[in-house]
Amino acid sequence: MFNALAFEAWAARPQASEEVERELQKLETTRKDFLDMGLTLAKAFGGALYPVDLLTNAILKRSLALTAGFCLLIRNKNYLCAASLVRLHLDSLLRLSAVWLVEKPHDFASAVLEGKQVRELNR
């Protein structure tokens, strides 16, 4: 049974080590890089947006959220949940890399944005 004493023990657990904290801070500094990438993408071709641009922006946004969540979970020593976020981040990267493997990248990106499964596309 969960009681106040158990909660106090859980809440008082030590935070991440100094080394881990330094690495998390490095990871958090990538936020600016991601935002800069999004801005560069938005300015390309006179501000015209194509389906691949929209997919890339969605992946950048998801990556920012996953990174923030990962850092929070590691600081709270919730490694099991943090590991799951790494898998989601890899999924995003694989989706983006698939754009370069298909004959019609914009059609592919549109289909992904519409919610179609990547494994079902380009067959």
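Analyst: The questions and answers below set values from this predicted model against the cut-offs behind each term.

User: Why is helix 2 called roughly antiparallel to helix 3?

Analyst: Helix 2, which covers residues 18–43, packs against helix 3 at an angle of about 165°, and their axes are 10 Å apart. Angles over 145 degrees count as roughly antiparallel, and therefore helix 2 is described as roughly antiparallel to helix 3. The crossing of helix 2 and helix 3 is left-handed.

User: What makes the contact between Glu-21 and Arg-75 a salt bridge?

Analyst: The closest N and O atoms of Glu-21 and Arg-75 are 2.8 Å apart, and because the limit for a salt bridge is 4 Å, the pair qualifies as a salt bridge. The pair links distant parts of the chain, with Glu-21 in helix 2 and Arg-75 in helix 3, 54 residues apart.

User: Is Arg-75 buried or exposed, and how do you know?

Analyst: Arg-75 has a relative accessible area of 18%, and since buried means under 20%, Arg-75 is called buried. Glu-21, with a relative accessible area of 22%, is partly exposed.

User: What makes the salt bridge between Arg-62 and Asp-91 a link between distant parts of the chain?

Analyst: The side chains of Arg-62 and Asp-91 meet in a salt bridge at 3.3 Å, N to O. Arg-62 is in helix 3 and Asp-91 in helix 4, 29 residues apart, and the pair thus links distant parts of the chain. Elsewhere, salt bridges that share partners join Glu-21, Glu-28 and Arg-75 into one network.

User: Why does Phe-45 count as exposed, and what is its phi?

Analyst: Phe-45, in the loop between helix 2 and helix 3, has a relative accessibility of 70%, and because exposed means over 50%, Phe-45 counts as exposed. Most residues other than glycine have a negative phi, whereas Phe-45, although not a glycine, has a positive phi of about 50°.

Notes: Residues numbered from 1 in each chain as written. Predicted model: local features only at pLDDT ≥ 70, side-chain atom pairs only at ≥ 80, totals over all residues. Heavy atoms only, no water. Axes fitted to C-alpha atoms, helices over the stretch in contact; angles between N-to-C directions. Helix = DSSP H or I, 4+ residues; strand = E, 2+ residues; numbered from the N terminus. Parallel < 35°, antiparallel > 145°, perpendicular 65-115°, else oblique. Left-handed = near helix turned anticlockwise from the far one by under 90°. Buried < 20%, exposed > 50% of the residue type's maximum accessible area, 1.4 Å probe, protein only.
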